[in-house]
Every structure is written in C-alpha cells, then in structure tokens.
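Have the model open as you read.

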Amino acid sequence: MFGFKKPLSHYFALAGVSLMIAGLATSSPLQHDDLASSGLSARAETNQTLPAFLTNTVLDPSFETDMRDVHIIYDYDAEDDQGNPQKWRYELWIFSENRAIYAIHGGPMAGRSNYQTATYQCIRPGELWQINWLEETGTIVSIAYDIPQGKVTTLIGFSKGHWQNPTAAHGDKRNATDFQRWRDLAKIGTQVERFMISEQGTVVDKFRGKGDLVPIAPNATTF
C-alpha cells in the first residue's frame with residue numbers, strides 16, 4: 001500500500017548495506033600496532049602514524065610447516081670485553097605470522113624477555129626465511145634463518161640508548177615498568193648513533209611449542 005515496486009526485503013537489505021558503509025566511514029582507523037594483528041598491511045604513506053609495518057610479500061604457505069610454532073635456541077659466536085671468544089645464547093619462538101617471542105640468556109643483554117611485531121619473508125621454502133622486527137628501544141633486528149644448516153645470520157642495529165644502557169634493557173615487557181623504561185631508551189641519541197652488529201649463530205635445539213617462554217595475546221601491544 002506504500003507503493004513499493006519490490007519486496008520489502010530488498011529495501012531492508014539496501015538499508016543494511018548503507019548502515020554498514022556508514023559504520024566503516026565513522027569507525028576509528030587502525031592504529032599502527034593493529035596493522036599486523038589485523039592481517040592488513042600499511043600503505044606507503046608519508047603522513048601515517050609510526051611505527052608502521054609494510055610488506056608486499058605474500059606469506060608463503062610453507063610458513064605453516066617451516067615456521068609456525070617453531071622454537072629455536074641458538075648460540076652466537078661473540079666475544080667478551082677483553083676480546084675472548086664467548087657464546088651469547090638466545091631463544092626465539094615463532095608465535096604467529098605477525099608476532100615473535102624471545103629471551104636472551106647470554107651477552108650484555110642477558111635477562112631480557114620480550115615479544116615483537118614481526119614480518120616473515122620466505123626466501124626458499126623449506127630452507128631459508130627472513131625475520132624482521134623493530135624494538136620499542138629503537139633497535140632494529142633482521143634474521144636470516146637457514147633451516148637445513150641450523151644457522152641464524154643476524155643484523156642488529158642497536159639504538160644508542162639500548163646499547164649503552166644494557167642493564168636498563170633487562171626485564172620483561174609484560175612488566176609495565178620495564179616496558180616504559182625500554183620505550184624511554186629509544187629517546188636517547190639520533191638515528192645514526194647506532195651500534196651495528198652482524199653475527200652468526202648455531203641452532204643447538206629446535207622444537208615446537210612455548211618451552212620456557214610465556215605466550216602472549218595474538219594482538220599483544222608491542223609499542
């Protein structure tokens with residue numbers, strides 16, 4: 001009796017779509033740390049909130065067998081303050097496609113438990129992967145994980161605050177006081193005041209699961 005030419009269900013459907021579009025237009029934009037957790041990647045825009053994480057590399061399906069839930073313990077071939085050979089033990093748990101959890105047991109950063117937003121890129125399925133992340137201290141980490149050789153080849157660009165204050169970098173990110181202190185380390189120095197360290201490590205143990213590390217929420221805040 002209202003002169004509709006189509007069933008009411010048609011108009012209700014259109015109204016629902018309009019409301020959905022309006023909701024998307026007025027909803028809050030994704031925050032920088034939500035990009036990886038949402039499965040989205042940031043566009044290369046110069047005015048976006050930073051830090052942001054962008055990859056145009058499609059995650060290779062072999063991630064499921066090569067990387068997901070893999071836990072490795074490895075020793076870097078390093079040296080002490082006097083130049084004597086020394087092993088720096090690290091462990092890394094590949095928690096998900098966008099988070100990594102680690103702990104440091106040797107070297108100047110021993111006593112640091114952390115988790116980060118990570119980007120994974122497959123170089124050769126079943127053989128070689130790259131793992132990248134930025135730390136709240138301003139330190140940048142890039143790891144090439146050679147699966148058949150049991151090797152990690154790592155570049156760490158320590159921020160000035162992180163490298164020159166190793167004791168302040170100890171702790172656990174799950175502790176709010178530690179987390180804030182680490183953030184403050186990023187404010188020390190400039191972008192070029194970095195200690196660039198390139199090391200290779202040997203995997204001494206590999207298994208699946210958390211081991212002694214503590215799981216996190218899938219979208220845990222990392223900055």
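## Charges over rings

A charge sits over a ring if NZ of Lys or CZ of Arg is within 6 Å of the ring centre and within 35 degrees of the ring normal. Keep in mind that this is a predicted model. With that rule in hand, look at Arg112: its charged end sits over the ring of Trp182, 4.1 Å from the centre.

Phe179 has a charge over its face too, and here the residue is Arg183, at 3.7 Å from the ring centre.

## Rings against rings

A pair of aromatic rings is described by the distance of the centres and the angle of the planes. For this model the count comes to 10 aromatic pairs. Take Trp93 and Phe95: the ring centres are 5.1 Å apart and the planes meet at 85°, which is over 60, so this pair is edge-to-face. Trp93 is buried, since its relative accessible area is 5% and the cut-off for buried is under 20%.

Now for Trp163 and Phe195. Their centres lie 4.1 Å apart with the planes at 10°, so the pair counts as stacked. Elsewhere, ring pairs join Phe63, Tyr120 and Trp129 into a cluster.

## The largest cavity

Rolling a probe the size of a water molecule over the atoms shows where empty space is left. Searching the whole structure turns up two cavities of 30 Å³ or more. The largest has a volume of about 150 Å³. Its lining is made up of 18 residues, and those nearest the centre are Tyr90, Ile104, Glu135, Val141 and Ile156.

Which strands supply at least two residues each to that lining? They are β1 (70–79), β2 (85–93), β3 (99–104), β6 (140–146) and β7 (151–159). By class, the lining of the largest cavity holds 12 nonpolar, three polar and three charged residues.

## The second cavity

The second largest cavity holds about 40 Å³ of space. Around it sit Tyr76, Trp88, Tyr90, Thr154, Ile156, Phe158, Ile197 and Glu199. Two or more of the lining residues come from each of β2, β7 and β9 (194–208), and β7 gives the most, with three.

Six of the residues lining the second largest cavity are nonpolar, one is polar and one is charged. Tyr90 and Ile156 turn up in this lining, and both are also among the residues nearest the centre of the largest cavity.

## Two hairpins

Strand β6 has a partner on either count below. Strand β5 (residues 128–134) runs antiparallel to β6, and seven bridges join them. Asn132 has Ser142 in β6 as its bridge partner. The two strands form a hairpin with five residues between them, and Gly138 in the turn has a positive phi of about 95°.

Moving on, β6 is also joined to β7 by seven bridges, again antiparallel. Here Ile140 has Gly157 in β7 as its bridge partner. The hairpin of β6 and β7 has four residues between the strands, and Gly150 takes a positive phi near 65°.

Methods
Residues are numbered from 1 along each chain as its sequence is written. This is a predicted model: local features need pLDDT of at least 70, side-chain atom pairs count only at pLDDT 80 or more; totals for chains, interfaces and linings use all residues. Side-chain values use heavy atoms; hydrogens and water are left out. On a 1 Å grid over the protein atoms alone, a cavity is a set of points where a 1.4 Å probe fits but cannot get out, and a pocket is an open set with protein on both sides within 12 Å along at least five of seven lines; lining residues have an atom within 4 Å of a point. Grid points are joined across faces, edges and corners, and a volume is the space filled by probe spheres set on the points. Ala, Val, Leu, Ile, Met, Phe, Trp, Tyr, Cys and Pro count as nonpolar, Asp, Glu, Lys and Arg as charged, and the others, Gly among them, as polar. Rings of Phe, Tyr and Trp (its six-membered ring) pair if their centres lie within 6.5 Å; planes under 30 degrees apart count as stacked, over 60 as edge-to-face and the rest as tilted. Buried means under 20% relative accessible area, exposed over 50%, partly exposed in between (1.4 Å probe, protein chains only). Two strands pair if DSSP finds at least two bridges between them.
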